[in-house]
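Visitor: May we go through this structure together, beginning with the terms?

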Amino acid sequence: MTDKRTLLGKKNYSYRGQVFPVYFYLKKSGRGQTVRQVYGTVEMYITKKSTADSINKLLIRSLDLNKNNILDRPFYKEDEYIYVLGKKKKITRDPLFKNNNEYFFISDKCKDPLSVYKKRFISYLKSRMLVLGKMMHHDLSSYRIQSAIFLTYFGCIIPSRKTFKFDFRLFAYKEEILDSVLIHEIAHIDHLNHSRDFYNLVYHYCPDYDILDSLIKEGRFDG
């Protein structure tokens with residue numbers, strides 16, 4: 001399974017005239033509750049002690065703080081569509097459309113379409129990271145790339161293991177937006193913290209970093 005989270009259910013909410021679903025997941029720590037507006041959806045991580053009142057208050061507070069975020073355009077809808085590098089593609093199992101760029105082909109034998117998505121993302125990253133690494137004067141050919149769903153970050157680097165990790169849902173964003181995350185993590189090879197020197201390096205290779213970062217947080221896959 002690509003997604004190991006425990007989905008408790010979903011409920012429709014109304015905010016400023018817009019109706020959107022909120023997906024509820026079990027918070028494994030068993031403490032507190034969290035709202036995440038990410039990848040075009042709203043997720044809440046709650047515990048058995050969470051009440052309707054506490055959920056509503058936290059949700060409204062989060063929505064008020066992030067008014068530009070897209071609330072109901074998920075990167076993937078089962079058997080309907082999936083975003084790939086900023087382009088919305090129809091999901092198909094018909095071999096006739098296997099090489100059609102308008103479609104995302106999945107074989108009949110595949111039980112988990114997101115596992116295919118994840119594999120294609122990693123394959124894309126392996127070549128893209130080499131290009132960006134060369135641009136930033138780093139040979140990344142010996143680095144490993146891993147991917148999953150991450151709740152607190154889009155990507156990270158583990159220098160001691162020469163390993164990059166990225167949330168596979170980033171594959172939904174167009175290349176320029178995705179590059180901003182990749183450049184951010186490659187820059188950590190030179191600067192492990194988020195110092196002024198670190199951001200100077202990031203801005204050097206990605207001048208529009210702040211704009212692109214906001215597009216990720218707002219769930220704007222196509223920019």
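Guide: Two strands pair if DSSP finds at least two bridges between them. Strands (E, at least two residues) and helices (H or I, at least four) are DSSP runs, numbered from the N terminus. The model is predicted: local features need pLDDT of at least 70, side-chain atom pairs count only at pLDDT 80 or more, and totals for chains, interfaces and linings use all residues. Residues are numbered from 1 along each chain as its sequence is written, and side-chain values use heavy atoms, with hydrogens and water left out.

Visitor: Which residue stands opposite I157?

Guide: I157 faces F164, which belongs to β11. The strands β10 and β11 (residues 163-167) run antiparallel and are joined by 4 bridges.

Visitor: What is the strand order in the open sheet?

Guide: The order of its 3 strands is β9-β11-β10, with mixed pairing. β9 (144-148) and β10 (155-158) each have a single partner strand, so one side of each lacks a neighbour in the sheet.

Visitor: Which strands does helix α2 lie across?

Guide: Helix α2 (residues 113-135) lies across β9 and β11, at about 145 degrees to β9. Axes are lines fitted to C-alpha atoms, for helices over the stretch in contact (heavy atoms within 4.5 Å), and angles run from 0 to 180 degrees between N-to-C directions.

Visitor: Changing topic, where is K162?

Guide: K162 is in the loop between β10 and β11. Its phi is positive, about 50 degrees, although K162 is not a glycine.

Visitor: How exposed is K162?

Guide: K162 counts as partly exposed because its relative accessibility is 38%; buried means under 20% relative accessible area, exposed over 50%, and partly exposed in between (1.4 Å probe, protein chains only).
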